[in-house]
Amino acid sequence: MSAAYKESSDAAIAISSAKKIVKKLEDLQGARDRDQKYYTEQINKLQQELEKSKKSMQELEEEVGKQRTQSEQTIASLQQQVSAANIVESQHVKEQTDKLQQQIQQLQGQVLGLTQARDDLSVQLQASKTAQQETSDQLLALQKERDKRIEEWQEINKVAEKRKTMLDELANTYQRDNAGYQEKLRLLQEENQAHVQALREAAESEKTRNTELDKIKRELEEVKKDKLSLEEAKSWLERRLKETEESLQNHLSENEKKIEQLKQDHEEMVEKLTVEHSKKMQEMSNEHKAKIQECCDIEESLRQELAASQGEVSKLKQGLVSGRHNEWRKFGGIPFAIKDNFCTKDIRTTCASHILNNYVPPYTATVVQKLQDAGGVIIGKTNMDEFAMGAGSTDSIFGPVRNPWNYKFAQSGEEQDKTIDWHIAGGSSGGSAVAVATGASFGAFGSDTGGSTRNPAAYCGVVGFKSTYGRLSRHGLIPLVNSLDVPGIFAKSVDDASLLFRRKHISAQKITL
């Protein structure tokens, strides 16, 4: 542990020295940045002065050029004057010319002085550039020194990392050893706790035994008390028993007297009731015979009426099959069911949807009106898939339509058994198919877009007929697909379906199949 502590202290010292080196490098970098900024400012100032001197030189050159131009112009004018003037004035002109030449020489001297100043400024600029180069070299040297210090710092960091890794390994070793010691300590503590628990359980059992002994002692005392009380109760019960036997003996004698009196009264009452019963039985037998005779008369009249109706039905069937009579065209009193997407005047038409739950059409669909005109009786509207969009008649606000040929459901017939397994009736005209399959109606109307009449007819074992599009009017049929919807017919047989179709078709177009 001392070696590890020593290595950790060495690593901390190395890290602190590395931090100091980094700080020095940062200070050097800051100093270099400040020097570079200062030299840059000086160079900028020199460049600005050089620019100013260049501008002044240009201005002087421009001024000398102007003066030279003016002097040349003056000389030209003077020469003209000299050539035109008299000989007397030639000397005066010469003097003026000399003066002008002197001025020109003075100006040339000024120009030479300005040129010399420009050369001096150029030398100074070259010296500043040399100083800048030296500063750059110094900066490069400082950069190299900083890089070297950074490499040294990185080496120190690597050494510190190695030492840190060694310290981590030593710490892990220490933790593993410590964990082993902790595990042994935990096992010893568990053994100690188990031993303490065993001692506590022994103490608890001893305490429980003492408690049970005290309880047994208390129970013995209570038993003794109960024994004394039972002995007292026994003596009291013996006294009460004697008194009760005496009172019972007295009651028995009194009851025997009362029983004798009741027997006499009962015999007299039985004789009276027997006489009254015989009279009532005679009266009831007479009334029963009269009612039997009346029922026989009613039964005979019903049989006669049934025979007459059977004769009419046979005549009607013969007329329907042969077509020789005109009466078969009328469906007077025959019940029919209508799918709930055909409009029926003053009768709610919902399409099995909440949207049309309270919709009452102001008119009746054409096919339904034709049927009513022929005497058919509408016994109700049938369940369906909502807006005829389905193939099972299960999607309705009134619940699903169940197939009547489901054996379990058909045999139960109880309300609580409706939750058992059931079969679908097909769709979307499942309610109309079930109405015909159960015999509730002679026929029924459905709609067929893509099989909504034929599908439930196949499921329920009845005939489903879809006519050609346009043969039957769909006016009043709430549409699913306008270009495909067709009124459909359900019946028990093909003849019945043909009869319904011809009845409607004849009424509409006056032709037969």
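Trainee: Among contacts in the chain between residues at least 6 apart in sequence, what percentage join residues at least 24 apart?

Mentor: In this predicted model, the share of such contacts that join residues at least 24 apart is 69%. The chain itself has 7 helices and 5 strands, and read along the sequence they follow the pattern α-α-β-α-β-α-α-β-α-β-β-α.

Trainee: What percentage of the residues count as buried, and how much surface does the chain expose?

Mentor: Of the 513 residues, 22% count as buried, while the chain exposes about 36,800 Å², of which carbon and sulfur atoms supply 54%.

Trainee: Which residues of α5 are buried, and what covers them?

Mentor: Helix α5 is mostly covered, with 8 of its 8 residues buried, namely Gly-430, Gly-431, Ser-432, Ala-433, Val-434, Ala-435, Val-436 and Ala-437. The cover over these residues includes the strands β1, β2 (377–382), β3 and β5 (486–491), together with the helix α6 (454–460). Just after α5, Gly-439 takes a positive phi of about 80°.

Trainee: How is a pair of aromatic rings described, and how many aromatic pairs does the structure hold?

Mentor: A pair of aromatic rings is described by the distance of the centres and the angle of the planes. The structure holds 3 aromatic pairs, and one of them joins Phe-336 and Phe-442, whose ring centres lie 5.9 Å apart with the planes at 90°, so this pair is edge-to-face.

Trainee: Are Phe-336 and Phe-442 buried or partly exposed?

Mentor: Phe-336 has a relative accessible area of 0% and is therefore buried, whereas Phe-442, at 25% relative accessibility, counts as partly exposed, because buried means under 20%.

Phe-465 and Phe-501 also form an edge-to-face aromatic pair, with 5.1 Å from centre to centre and 75° between the planes. This pair, too, links distant parts of the chain, since Phe-465 lies in strand β4 (residues 463–466) and Phe-501 in helix α7 (residues 494–509), 36 residues apart. Of these two, Phe-465 counts as partly exposed at 30% relative accessibility, while Phe-501 is buried, with a relative accessible area of 4%.

Trainee: Which ring does the charged end of Arg-402 sit over?

Mentor: The charged end of Arg-402 sits over the ring of Trp-422, at 5.2 Å from the centre of that ring.

How values were computed. Residues numbered from 1 in each chain as written. Predicted model: local features only at pLDDT ≥ 70, side-chain atom pairs only at ≥ 80, totals over all residues. Heavy atoms only, no water. Helix = DSSP H or I, 4+ residues; strand = E, 2+ residues; numbered from the N terminus. Buried < 20%, exposed > 50% of the residue type's maximum accessible area, 1.4 Å probe, protein only. Contact = heavy atoms within 4.5 Å. Areas by Shrake-Rupley, 256 points an atom, 1.4 Å probe, with all protein chains shown as cover. Phe/Tyr/Trp six-rings, centres within 6.5 Å; stacked < 30°, edge-to-face > 60°. Lys NZ or Arg CZ within 6 Å of the ring centre and 35° of its normal.
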